[in-house]
Amino acid sequence: MLPKLIQSTSSSLLQRITHTHTTTLFRVLYSTVSICDNIPRKLKKFERKPLVTSINELKREGRKKRKERQKVDEIILQSRQNGLLVQKLIPVAKEVYAARSQLLSCVSRLVNHIAIYTCSICGDVHVGDPPHKIRTCNVRGSLSSKEHSWVKGGIEHVLPHVESFHLYDRIGRAVSHNEMLQVDRIPAIVELCIQAGVDIPEYPTRRRTFPVYCVAGRIIDFEKRFPKEISLEKDIDEYGLPYQKKRSDEDTNSMEMHCDDIQAVAVRGMKAWKKMCTGASKLMETYAVQTCGYCPEVQVGPKGHRVRNCQAYKHQMRDGQHAWQEATINDFVPPVYVYHVQDQPLVNELKRYYGMLPAVVELFSQTGAPVEKNYAHTMRVDVVVPEMDEEKWVV
């Protein structure tokens, strides 16, 4: 009787151990296979950004425009091309501008409570204290161990500053190389809001009341070039470009946060981030934004500028000019992806199981703001991070 009892007990115990190890192995293998497909891959220096419109479609549109130019007929232009504002997008532009101001105020308040680190060699960013020990610094000049050299960062590492030339007339001529020091460079998202209908006294822009016409590929404008309220000597030069003005501090200090609840500030900032990105994407569907295919340069408008300051791959063949193409929201508002900090510290041996989030979203999440469901895949919430002994057992 006793041997049978011992045999049955040992068999049940063996089945339980086998089931436990099988479950652990399945979870580890599942977490290894899961990949963050939504995170854009870092391009190499010789790689060009992927085109929004295929090259065949661009060639087809080019041939169509050349045929239309041969005909001496008037071409009907849409609202975004004839110089007039799209009235239904003016409230969207004002919301985006207000959301940006609120976002900057929230982030500037939270960076005093959450530490931000950046690598002095490769530029990677980490949100939280202490910084992680994951060895991913693999650039020229890095340590042989590929460990990061962390230094204190700031708001510019969480929200990168993307600038664009301010255009007085968005359908006018492009900024030339000799005028690069005469024209203001302002945040690109502010320039987009200005072109979409937001009026800022520091940066005058042309508001047409009559559309322009296109005949045989040439733009014909019957409206007066400079309104009466704009001085040709003080505000605009003889070429139709605005003079540089002293930048005010309205962008960063326009909305001071008087709330002592850090979690409430984080929730408000998360909503402002979503509203800004959603509104900017909606504006970019109508108002064109150009970016260089090899460098981060951005120009808001139907065409890129002519300033020869590109230092990316094979810029000598282009005489320093940019390889302009249609921009995406990631070029316009670049998200800096960082490792998502969970309960346990981040170690190099388990780096393939960790998720990632944009740095500004990670900053808000660490201060108590709930993360939206559309970030669930990049956070890898379906992945179970194993213990160190489990990882060694699998390997």
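1. Thr291 stands opposite Gln325 in β11. Strands β9 and β11 pair in the antiparallel sense, with 3 bridges between them; two strands pair if DSSP finds at least two bridges between them. The model is a predicted one, in which local features need pLDDT of at least 70 and side-chain atom pairs count only at pLDDT 80 or more, while totals for chains, interfaces and linings use all residues. Residues are numbered from 1 along each chain as its sequence is written, and side-chain values use heavy atoms, with hydrogens and water left out.

2. Strand β9 also pairs with β10, again in the antiparallel sense and over 3 bridges. Gln290 has Gln299 in β10 as its bridge partner.

3. Are the two faces of β9 covered or open? Both are covered: Val289 and Thr291 on one side, and Gln290 and Cys292 on the other, are all buried. Buried means under 20% relative accessible area, exposed means over 50%, and partly exposed lies in between (1.4 Å probe, protein chains only).

4. Strand β2 (residues 116–119) pairs with β4 over 3 bridges in the antiparallel sense, and Thr118 has Val151 in β4 as its bridge partner.

5. How many aromatic pairs are there? The count is 3. Rings of Phe, Tyr and Trp (its six-membered ring) pair if their centres lie within 6.5 Å; planes under 30 degrees apart count as stacked, over 60 as edge-to-face and the rest as tilted. Tyr294 and Tyr313 make a tilted pair, 6.0 Å centre to centre with 45° between the planes. Tyr294 lies in the loop between β9 (289–292) and β10 (298–300), and Tyr313 in the loop between β10 and β11 (324–326), so the pair ties together parts that are 19 residues apart in sequence. Tyr294 is partly exposed at 25% relative accessible area, and Tyr313 is partly exposed at 32%. Phe46, Tyr294 and Tyr313 form one aromatic cluster.

6. The rings of Tyr339 and Tyr354 have centres 6.4 Å apart and planes at 85°, so this pair is edge-to-face. Tyr339 lies in strand β12 (residues 337–339) and Tyr354 in the loop between β12 and β13 (356–358), so the pair ties together parts that are 15 residues apart in sequence. Tyr339 is buried, with a relative accessible area of 15%; Tyr354 is buried too, at 3%.

7. The charged end of Arg185 sits over the ring of Phe165, 4.7 Å from its centre. A charge sits over a ring if NZ of Lys or CZ of Arg is within 6 Å of the ring centre and within 35 degrees of the ring normal.

8. The structure holds 0 disulfides, a disulfide being a pair of cysteine sulfur atoms within 2.5 Å. Cys106 is buried, with a relative accessible area of 0%, and Cys277 counts as buried at 17%.

9. Helix α5 (residues 188–196) is mostly covered, with 9 of its 9 residues buried. Among them are Glu191, Cys193 and Gln195. Just after α5, Gly197 takes a positive phi of about 135°.

10. Helix α9 (residues 359–366) is mostly covered as well, with 7 of its 8 residues buried. The buried residues include Glu362, Leu363 and Phe364. Which elements cover the buried residues of α9? The cover includes α3 (90–110), β3, α4 (155–158), α7 (262–284), β12 and β13, where contact means heavy atoms within 4.5 Å. Gly368 follows α9 and has a positive phi, near 110°.

Key. Helices (H or I, at least four residues) and strands (E, at least two) are DSSP runs, numbered from the N terminus.
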